[in-house]
Amino acid sequence: MSMNQNPDWKPTIVAFCCNWCSYAGADLAGSGRMSYPANVKIIRIPCSCRLNPLFVLRAFQRGADGVILCGCHPGDCHYSTGNYYARRRMTLLFSMLDYLGIERGRTRVEWVSAAEGAKFSATMNDFAKTIYELGENKKLGDLRCKE
Amino acid sequence: MQGMILDRVRALMSEGVATRVLGWETGEFPYDRTPKFFNESNLENLKYDSFCGCNLSKYLVNESEKVIALVKPCDSYSLTQLCTEHRVKRENVYALGVACRGKIDVNKIAALGIKGITDVEEDGDTLTVHTLYGDKQVARKDVLLNKCMSCKGKEHKNVDEVIGESEDTSSVERFDMVAELEAMTPDQRFAFWRNELSKCIRCNACRNVCPACTCVKCVFDNPNTGVQNKAAADDFEENMFHIIRAFHVAGRCTDCGECSRVCPQGIPLHLLNRKFIKDIDELYGDYVAGDEADQRHPLINFTKTDCEPSIVHQRGGDKG
Ligand code: SF4
Ligand code: SF4
Ligand code: FES
């Protein structure tokens, strides 16, 4: 965490989770009493490829400090191939954000199946830690959306 | 060149190929070239010379009648891409390839300190610039459009015939500047782009001119995006507009250079598009949009062994 930061600051993390795997994975984490940070806000999407790059930017605009996409493992997409397309899109989007000078740790993709509650919780804990270290998202936020 | 083109167009018209031609005419200033549909009655106004930098292919979208279209080598990529996307019906176009030896950027002439330009005459590799204060000589190669200095090649793609001989004009490696930016630290890159993008006045010229941007309803016209048609009130709007504009044409951008050419603020938009092109080439194999008809572009395609998005973190090393 950088020096000149508000000590009360807690990161806001948006996790887009595919309905068929990762959302169920999150459920399993919950019912298995595995913890993940309370500041991870899960948004359920029908498939990882539903994630329009605009959604990622919008999340940052509205105050997210990190955005993570979780979907079925490649090969296991409920719609067969959605996550393969999502994989290319997110690779190019993340690369573009990096090119514009946005900290590259603020975005991530993880494949989490419905059986991987433990992976879900570990991923979220790790991502939250990364974002906490990166500090507040100042480069891609919108002042008009701040309280 | 212009004479040859006019003769050929007249011949095609009398053969009944089409009744209209898409070409350029002189605009407000003697060195302006504006897109125009001609028919037999005004054909004598058709101009083809070193100021015809403007890409005409987008004007063919929604044409339902056969048109003879003049296409430079770079325009032919855009036209091919538009046909691939079913935005232009190839059978409605007689693509008349016209040779190109690089187009001139009148702003570069002005940047040499030449004021009050009234006309420009061309003779081989020298230009005679007529001004209110007398004539000046300029070397042609010093005032070429940036896009011509990193031209993809002078071979016409997918045209019906070609008139004249083109000359290679590329003198700058296409990806040099992108690589230079990649080598900077994230904070330097951020400063570079803030400096550039903060100049944007959201005139939307870059979107409107782009032959890859042909959606009937554009996301940026939706008031709910919060970034529609207005001067930016917050940095975020500029970032949002530019990331999404470039992303929407990723894989389809033919690197025709029109976006940067028309930007009244001189923002190097092609550096955003070229970043996508460079990434695509490096990660998914070399790909040139509009190179061939009916290609499947990299963003509507995949392989099971594609890299993971985390490659972005690995490639970047430890710089941020
Ligand atoms: S983004 Fe720019 S370079 Fe690419 S096709 Fe559109 S106008 Fe041409
Ligand atoms: S042409 Fe230039 S100023 Fe106009 S919207 Fe595009 S980047 Fe902004
Ligand atoms: S359904 Fe889960 S990624 Fe497609």
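Biologist: What should I know before reading the model?

Modeller: Residues count from 1 along each chain as its sequence is written, and chains are lettered from A and ligands numbered from 1 in the order in which they are written. Because the model is predicted, local features need pLDDT of at least 70 and side-chain atom pairs count only at pLDDT 80 or more, while totals for chains, interfaces and linings use all residues.

Biologist: What is the average pLDDT of chain B?

Modeller: pLDDT is the predictor's confidence in each residue, from 0 to 100. Where it is low, the predicted coordinates should not be read in detail. Chain B averages 93, and 97% of the residues score at least 70. The model has an ipTM of 0.92 and a pTM of 0.93.

Biologist: How many residues does helix α4 of chain A have, and what is its reach?

Modeller: Helices are DSSP runs of H or I with at least four residues, strands are E runs of at least two, and both are numbered from the N terminus. The expected span is 1.5 Å times one less than the number of residues. α4(A), residues 117-134, has 18 residues and reaches 26 Å from first to last C-alpha, close to the expected 26 Å.

Biologist: Which residues of α4(A) are buried?

Modeller: Buried means 20 or more other C-beta atoms within 10 Å of the residue's own, exposed means 12 or fewer, and partly exposed is in between, with C-beta atoms placed from the backbone. Among the buried residues of α4(A) are Phe120(A), Met124(A), Phe127(A) and Ile131(A). The buried residues fall within an arc of 160° seen down the axis, so they line one face of the helix; the arc is that of the directions from the axis to the C-beta atoms. The face turned away from the buried side carries exposed Lys129(A) and Glu133(A).

Biologist: Which residues are closest to ligand 1?

Modeller: A residue is near a molecule if its C-beta atom, placed from the backbone, lies within 6 Å of it. Ligand 1 has 14 such residues around it, the closest being Cys210(B), Cys253(B), Cys256(B), Glu258(B) and Cys259(B). For ligand 2 there are 13, with Cys200(B), Cys203(B), Ala205(B), Cys206(B) and Cys263(B) closest.

Biologist: Is Asn62(B) buried or exposed?

Modeller: Asn62(B) counts as exposed because it has 11 C-beta neighbours inside 10 Å. Asn62(B) has a positive phi of about 75° although it is not a glycine. Arg202(B), also not a glycine, has a positive phi of about 55° and counts as partly exposed, with 17 C-beta neighbours inside 10 Å.
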